[in-house]
Amino acid sequence: MNSWQASPSFDEQRLLHDLHHTLPSQAPLKDFVHHNTLHALQHLPFNEAMVVAAREWGHRTYAPIEFFRKRWQTGEISKEQLDRAMRRLGFSEDELPALLNEPLPQLPPARVGSIRSQWKTDRRLNLDKYVHTRLFALIAGFLDQGVGIWRMQVANTGGLWSAVRAMESPGAGGVFQCKRARAYLNSHEQPDLRELLQELVQDESFWHAYLVDQAFAHPGWSGLVAHLERNPSGLMDRREVSLKDFIALELLMEWDALESMEGAHWGALRPVWPVPEGESRLRRHHRILACWQEAWEWTRYDQVLSGLDAERRQPVDRSKHKGMPADLAYQALFCIDDRECSIRRHLEAEQPAASTYGVAGFFQIDCTFQPASAHFATKCCPGPVTPTHRVTETNAAKRHVRDAHMSRHSHGLLGGWISAQGLGLAAAWRLAKNVLAPSDSPAMVRSEWHMDPEGTLHYWDGDPALEGAHGFTLDEAVNAMAVLLQSVGLVDGFAPVVYLMGHGASSVNNTHYAGYDCGACSGRSGSVNARVAAAMLNHPEVRLGLAGRGIRVPLSTWFIGGLHDTTRDAFFFYDAAIWPAFAQHVHDREWPGMQRALEANAVERARRFDGISKGQPARRIHAQVRQRAQRLFEPRPEWNHATNHLCLVGKRSASRNLFLDRTAFLHSYDAASDPDGALLAGILNAVVPVCGGINLEYYFSKVDNDRLGAGSKLPHNVVGLLGVANGMDGDLRTGLPLQMVNIHNPYRLLVVVDAPVARVERTLKAFPATLEWIENGWVHAVVREPDSGLFFRWEGNGFRRYEPEFTPPRSIRNWTNAFAGRRDSVEVLRKVEPLQSFAS
Amino acid sequence: MSAANLYDWVQASFFLALALPLLSMVLAQLIPERKERAIHWVVLGAALVQMFWTVGGVAAWLFHGGHAIDVPEFEVYGSDAYVFLIDLYFDKDSAAFLVVGSLLHALIIRYSSAYLHQEPGYRRYFVTVSLFYFGYVWTLLSGNFETLFIGWEVLGFSSFLLIAFYRTRYLPVRNAVKVFSIYRIGDVGILLAMWASHHLWHENVTFARLHNAQLVLAHLEGHSSEGLFISMALLVAASVKSAQGPFASWLPRAMEGPTPSSAIFYGSLAVHMGVFLLLRTAPFWEHQIPARILIGLIGLVTAILSFFTARVQSNIKSQIAYSSIVQIGLMFVELALGWHALVLLHAVGNAFLRSYQLLASPSIVSYRIRDQFYHHREEAPSSWSWIPENWRLHVQRRAMQEWHLDRVVSRMVFKPVKALGHRLDFLNGRNAVFVLLPLYGLGWSAWWVQEVLPSAVQAVLPALFAALAMALVFRAFTERQSPGVVWILVIMSHLWVALAVSLNEHFGFDHVAWYLSGIAGGAALGGWVLVQIKRQPNARYSLSTYQGQVVHAPVLHALFIPALLSVMGFPISLSFIGEDLIFSHIHANQPVLAALNAITFIFGGIALVRLYARLFLGPDARTPLGVPNRTA
């Protein structure tokens, strides 16, 4: 990972490999999925990787020192934890002043860019000014998915290189200004990087570094090209594109720029290696920050562990609650998503006799979904899973309303003339209406538009509607449902109604909308998966199959598929027409409580929303929360995953009374029913990379919003429906916009597993890819033995006994007490008073 | 209501319309940065009062017949030979633009208060928007060229600030300087129009008087070339502000600020100011057939070229910008044809439509992807089909390159200036003062002895000195190292202009004093700030790249702005009146001298804004980590 390791000969394959590995790997907007921003460094220990990221690319990788010192002064970082962190990182006692008040050592400049910038320092030539605007316009025009009204003429003539050749060929005057560049293009069907570089940079040992500099001058575009080269299906309008063509094109443009600035006899760059400097300062700087990060994180983690410990020592016996019914009211499966953390709490508060479970929100339905009248199928399962099944929708309405104000005709001569006169005043009215009293518009994204609840879904293999695509066979369905139920430990004691709740989000004017939907459904709403899974579980033959595996679902149990809109706090339920009477009865009884829970959840979320007065009745607050999904001028329709930093794998009862403030991914797991650890392996292999990826993307977008995040979204400009840029001439921005991370606390993820420590360690060691996250400290892991209640923390190469700094959580009477009047992060709290009596 | 009453009422309204944005600007600046709610309410309150007042007032005015109103001049400065008059004027054109402006302004303020929540620079945004709106209203209400120019300058500088709102990133700052530079080219047009009309009318002609067709025709008779000169100067100014002709490419590049500011200013209000200028002066130029043909042609050619450019834009904001340019081109055609009512309707509709489209532009992703999801066709019906096949690629390529309009402007204007400036590269930070001051002394000695100089020499000296002033400004424009050199050169150029004009005509020394007094204070303050910056520990006191000093030296930055504005001749300082005064001493038969002075004035401003931007704005040059990419 050292860009200055000069090798005398240039290896094209190595270069392309390195670039593919290190460039930001972000899909086009419609498929936005969270991932570890610095995945390229994941093979290194976290703290070491942060040094490398700063040295090579100039990334800021920790919060600023002032951030930590302020928290030290307010007591948010405990003395004990700072001592522990200092010991762990090898600080001596007398180094304390360096941590507490001395200025941090000055940093050396980043290495990236230092070779190519010599054009400017040595030759006073600003190549970028000439090249970037043209290059970005070309690649954007070539890849454009539908902003441009006229598709680029030559886009479909092959790869990027041949498209540019085709553009250049007829007549005089083309993409290039100068003769030599044009001649090269005309005479080469395929570019040769060596030939191009030979002209530009004298010494071959600099080529690698030169091209790295070039790519990282616009990491957004280079990254997208690299991503699309490997995932061509990411485009609806297919294009052949390769990183090599893109590099060659830029090199040729540099030729062209040089010739037009310097004349025909420009000489190659004769770069020199900058003197490496400041490595020890760099390391010391980062070591101090790493120590603070550790102390700050573990102060928080230990509060959580104390809370879990308190729950275990003094369990609240719910069966003794006044008016508690003997039977379960209902069970509900939610996605592990941290946003479901609070709605589950409120549902349980409304209905103490309900049980909720957390599971990956695709409900084991790995499928592509083809909506009615659509030309494409979209993937609805976690990113790493390759879907093998198809779900097709028929008899459904199109979820697309045309809008004259967004029409391409308004951009023409005559069309524009008519639009300006005709639509102009209507636009004023709409704008006024949206500012004063927002309502739904065709421009918005709504969670429930993913699927038409009145439509029919086809998913059984052999169904003619699938048109030959592979559906689910009975065996596959039984398998999937068995895994689903077993992994959360729901294998007996079924309530009369079991809800399967997918989730999705709604917003308008939100380019990153896909990142707000269910991550386990590849950035789609989870409605299809929930509805299909519920239908399968209600299917008599599937139930028979399940019974064969020891899961006996009684006839008196019905599964209901549904959707939770996390932005508007609304529930939708599917296939009500075929619910049996008893299910309808239970649902009717529970629905008012659920509505109250949704309102309570909206009130809880509203504490983080500016502009909503908190003294109002819940119903009014809920209405204002809902409006955020409709307002054009609301950059934060919801906070999405902001503040996430926990992942609890275990029984719900272990954390049911803890207030974790929407920070925790919750996966249900019953260690007792999984002696061989097979289910645990499935869970950890899913939650560690998925939750870890989300967490680290938030982490890096927060600590370096300018380079690793997308910056403020307010000036963003949509390019080709692929990404966002600032202004017209900017590079694509990767990572998360500032408005998604304002309130995020950059803690790394802590995974807490309730299972025997030997089993967890064995499981992890069997899956090196998952282990890497934990072993290298990108994700922290703690195990709690269910029997002894002892904690173990992963350190070095295995779990070691860990003694948290126990601070018993403050007690509260109800959830509202936890956050009333609070706008900041709330500490771990524990609800101990008896719950409200059950109203039947 | 009697006519006299109405008159008083209108005057009061004018005052209110102009005072409110200024008031809200000052009040907002006084509120601490963190009190978002208070800032918002102050600015929104002013905007709402303004909106209701405007809409109500215009309705009442229409009810009373809608006759044009001219508010008598207010004399800012007067001497025997020269008066500087503020004149306000109101008619249906102002009314239409004012109503649109006040509605959009109020909506956008409300919109922005939530949109900019927690954004660093929240207060600065609202202060700048208020300043911009003040310039807008002022321009709409102005009744003569001098008054209009004040508004015009305010629009230019506040646009610069809004485009460079994200002042620690490279591209917004670069593009802000670029747009400001192009704006200044248009200002040359206004300055020259102002100068030429002094001579054509022998007074500060008011726009009200232009409506007297007989009067206009009488003045144009025998002076048709002067008339055409004025019209052309106005056309340049209008084309620049409305992104027509070769100036089109600034508009998409102005979209660097938060989307609502782009929507209201570059999507709607600012970009229609050129149309307004032509509407306002139509009674003057519509008697000149060549002017009308030229206006129509520029509009038509721009509309056609920008039509293609809009078709191939792959980013949404440029697409909307170019679509707006197409419509404004058509408005120029309508203007040339004399269809004024249609122009008004067209402008109002276009302003609202493009604002809305820009505001909703992030939605284009989900909207068009859904559209494609349901309506995608593998082989899209070729929209190119009506273009002959061998032309298609050509048109596409040219349109993607925006017809190289950028290069045209650069070659016509900036390249020659740079080439000339580089001739004087021997002037640097060490020697500038020692070379220029004695030379200047020599110049003044020519003034003392001018009586005895041969008349041929006397005739040449003003132009010679003015040319020297211009050369100094060009040198300042090309300076890439020393901020001090730029500062000194621009100030010296002012001194040479004063000298040149003093030699041109005998007039009281107080005129020169007026002119230079406005500059002196700013010059001293700015010089002091530059010295302080230079003395900072490990300062990078250079113009070779953007330094981002605003982060380290916010106070010095705040002090530098008034200094900059007064040396630029921005209408907060006496030097602004001085400029105009100096122009009044250039004779009708001296277009060269007038042009030299105008160019000096304009490029001095550009050089100073470059200096400001490079020294104070841009990515922080002193922090190695977390600095935004230059392409970001």
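How many Å separate the centres of domain 2 of chain A and domain 3 of chain A? The figure is 41 Å, taken over C-alpha atoms.

A word on conventions. This is a predicted model, where local features need pLDDT of at least 70, side-chain atom pairs count only at pLDDT 80 or more, and totals for chains, interfaces and linings use all residues. Residues are numbered from 1 along each chain as its sequence is written, and chains are lettered from A and ligands numbered from 1 in the order in which they are written.

Back to chain A. Its domains are domain 1 (118-262), domain 2 (301-397 + 442-831) and domain 3 (409-436). Those bounds come from an automatic or database domain assignment.

Next, the sheet in chain A. Five strands form an open, mixed sheet, ordered 2-1-7-8-9. Strands here are DSSP runs of E, at least two residues; helices are runs of H or I, at least four; both are numbered from the N terminus. Two strands pair if DSSP finds at least two bridges between them. At the edges sit strand 2 (354-359) and strand 9 (570-573) of chain A, each pairing on one side only. From one strand to the next, the twist averages 25°. Angles run from 0 to 180 degrees between N-to-C directions; axes are lines fitted to C-alpha atoms, for helices over the stretch in contact.

Look at strand 1 (residues 330-335) of chain A. With strand 2 of chain A, it makes a parallel pairing over six bridges. One partner pair is A:Tyr330 with A:Ala354 in strand 2 of chain A. Helix 15 (residues 340-350) of chain A packs on this sheet. That helix touches strand 1, strand 2, strand 7 (497-504) and strand 8 (558-565) of chain A, at about 165° to strand 2 of chain A. Contact means C-beta atoms, placed from the backbone, within 7 Å. Helix 18 (residues 527-538) of chain A lies across strand 7 and strand 8 of chain A, at about 175° to strand 8 of chain A.

Now chain B. Chain B has 26 helices and two strands. Its radius of gyration is 25 Å, close to the 26 Å that the globule rule gives for 632 residues, so chain B is as compact as a globular protein of that length. The radius is taken over C-alpha atoms; the rule is 2.2 Å times the number of residues to the power 0.38.

Finally, the interface. Chain B puts in 84 residues and chain A 94 residues. Several helices of chain B each supply at least two residues to its side, including helix 3 (92-115) and helix 6 (170-201).

Definitions and conventions. Contact = placed C-beta atoms within 7 Å.
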